[in-house]
Amino acid sequence: MLPKRVSDKIISRRSSSPLLPPLPFPSIHTMLSATAPATSLSAAAAHTTTTTTTFLLHTPPLRLFLRHPPNLISASLNPFPSPSPLVAKPQVYQPFRPPPSPLPSQYRSLDAAGKLDVLANRLGLWFEYAPLISSLIQEGFTPPTIEEITGIGGVQQNTLVVGAQVRESLVQTINDTDPDLIAAFDTGGAELLYEIRLLNAEKRAAAARYIMENRLDGKGAQDLARAMKDFPRRRGDKGWESFNYDYPGDCLAFMHYRLSREYSNMSEARTAALADALKVAVTEEARSLIVRDLEREGEGKDGAEEEIEAGVRVPVVRLKIGEVAEATTVVVLPVCNGEEGGKGVREAPMEVRSEGEFGVVVAEEGWRRWVVLPGWEPIAGLGKGGVVVVFKDARSLPWRVNRWYKEEAILVVADRSRKEVEAGDGFYMTGATGNDGELKVQRGSELMEMGLKESLGTVLLVVRPPKDMDDDQLSDEDWD
């Protein structure tokens with residue numbers, strides 16, 4: 001604290017100065033007096049007075065540098081100190097970095113004419129000049145224009161571009177661990193690598209190695225790629241569990257094995273397909289399965305097939321759009337799900353009838369799901385016991401040619417009033433374990449071999465969903 005005499009002089013000087021604006025914080029006089037030596041108060045007062053006169057004319061600029069008043073005064077004026085202003089972080093300049101060019105280094109400086117010249121004269125390896133096609137298309141050239149100038153057709157352009165991409169993925173997957181595998185496709189490998197484009201990176205490497213080791217041509221590479229792509233989707237097919245997905249040879253063998261089942265027994269085509277499967281099979285389990293089929297083929301064991309040929313087949317029809325509305329008679333049946341098992345079939349209403357002049361449909365008990373079908377001949381006279389089972393696909397049905405069995409849901413109409421397994425040529429609704437478990441359709445001959453005398457019902461009809469374009473109905477050879 002200053003002595004009262006000095007303080008009064010400073011206050012008097014401030015009040016007499018017309019240039020000093022009111023300050024929201026302690027005046028310069030107080031700060032200067034507070035920093036003066038305590039030994040000479042009079043000197044401090046004189047110095048303060050002189051300094052005050054000097055700074056009064058420059059007070060506004062000086063106030064910009066006084067961010068915080070001394071704690072001694074500010075504590076009494078503002079108990080809450082004001083927050084420090086935010087300091088903007090400097091923005092670091094980040095230049096644009098374009099992605100690396102897919103073109104080889106020797107082609108990056110070429111203009112459009114130079115790129116066309118390289119393609120026209122095939123200057124380099126195929127995977128080196130293949131990216132030039134994509135580069136020219138980005139510059140506005142069309143595939144017909146490129147074909148006219150370079151002589152490379154549109155199909156071949158696509159093959160080169162896709163083959164180069166597949167080769168690059170192999171290079172990244174293998175990481176120089178097998179340079180001989182990559183070098184094997186340096187000349188004329190675009191067509192082979194193009195065929196394995198649908199496989200993932202791991203399977204591409206396995207397929208490329210199999211193609212190289214077995215010297216497959218374009219057709220062989222295509223069959224291999226399709227077999228490897230299709231193998232996981234065939235889960236549940238007969239013999240599928242005997243083949244190993246990790247071996248491309250087993251995938252190819254399973255394709256030939258499945259193809260053999262499309263031919264009739266004791267035929268040359270079936271025997272040739274089994275021989276092809278045995279030739280490429282890798283695992284012992286797969287080879288044993290194929291050998292057993294070949295032995296049965298040689299012995300002529302086709303009794304089950306003969307029974308089916310002589311028996312009555314279950315109609316497989318596709319429902320047409322609007323067919324129910326145009327039908328003169330319809331059939332209303334309860335519906336259950338194949339995954340519900342035998343319980344759903346047993347609990348569904350047994351009898352559905354129409355009453356009154358309006359033909360009101362009445363069921364003996366309540367049910368959640370119903371379906372209306374045209375009065376086709378197999379189900380037109382169906383009385384008590386009719387039921388419809390919905391399957392998400394046709395894997396539960398006993399036919400061999402599986403062209404569509406995983407592509408669409410189906411309805412299976414069964415007659416529960418005919419549960420007895422009477423003939424080996426009939427088809428019956430059963431569960432996975434007898435009459436329990438997930439539902440499926442089985443041949444009567446198989447049930448007789450298992451000792452089952454009763455099923456959940458006799459299958460009358462299989463219905464496929466409607467589509468805009470009708471396709472061929474199921475042929476006789478489709479049944480196993």
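Me: A salt bridge is a side-chain nitrogen of Lys or Arg within 4 Å of a carboxyl oxygen of Asp or Glu. With that in mind, which residues are linked in a network of salt bridges?

Reply: The network of salt bridges links Asp230, Arg234 and Arg258. The model is a predicted one, in which local features need pLDDT of at least 70 and side-chain atom pairs count only at pLDDT 80 or more, whereas totals for chains, interfaces and linings use all residues. Residues are numbered from 1 along each chain as its sequence is written, and side-chain values use heavy atoms, with hydrogens and water left out.

Me: What makes the contact of Arg234 with Asp230 a salt bridge?

Reply: The N to O distance between the side chains of Arg234 and Asp230 is 2.6 Å, and because the cut-off is 4 Å, the pair counts as a salt bridge. Side chains of opposite charge can pair when their charged atoms come close. Both Arg234 and Asp230 are buried (under 20% relative accessible area, where exposed means over 50% and partly exposed lies in between, with a 1.4 Å probe and protein chains only).

Me: Why can the salt bridge of Arg318 and Glu408 be said to tie parts of the chain together?

Reply: The side chains of Arg318 and Glu408 meet at 3.3 Å, N to O. Arg318 lies in strand 1 (residues 316-318), while Glu408 lies in the loop between strand 6 (386-391) and strand 7 (410-415), so the pair joins parts that are 90 residues apart in sequence. Strands here are DSSP runs of E with at least two residues, and helices are runs of H or I with at least four, numbered from the N terminus. Both Arg318 and Glu408 are buried.

Me: What makes Cys251 and Cys336 buried, and how many disulfides does the structure have?

Reply: The relative accessibility of Cys251 is 1%, so Cys251 counts as buried, and Cys336, at 0%, is therefore buried as well. A search of the whole structure for disulfides, meaning pairs of cysteine sulfur atoms within 2.5 Å, finds 0.

Me: Why does Ala112 count as partly exposed, and which residues does it contact?

Reply: Ala112 has 23% relative accessibility, so it counts as partly exposed. Ala112 is found in helix 6 (residues 112-121). Beyond its neighbours within four places in sequence, Ala112 is in contact (heavy atoms within 4.5 Å) with Leu136, Glu139 and Phe141.

Me: How do you know where the predictor's confidence stays under 50?

Reply: The guide is pLDDT, the predictor's confidence in each residue, from 0 to 100. This value stays under 50 over residues 6-20 and over residues 470-480. For the protein, the mean pLDDT is 76, and 69% of its residues reach 70 or more.
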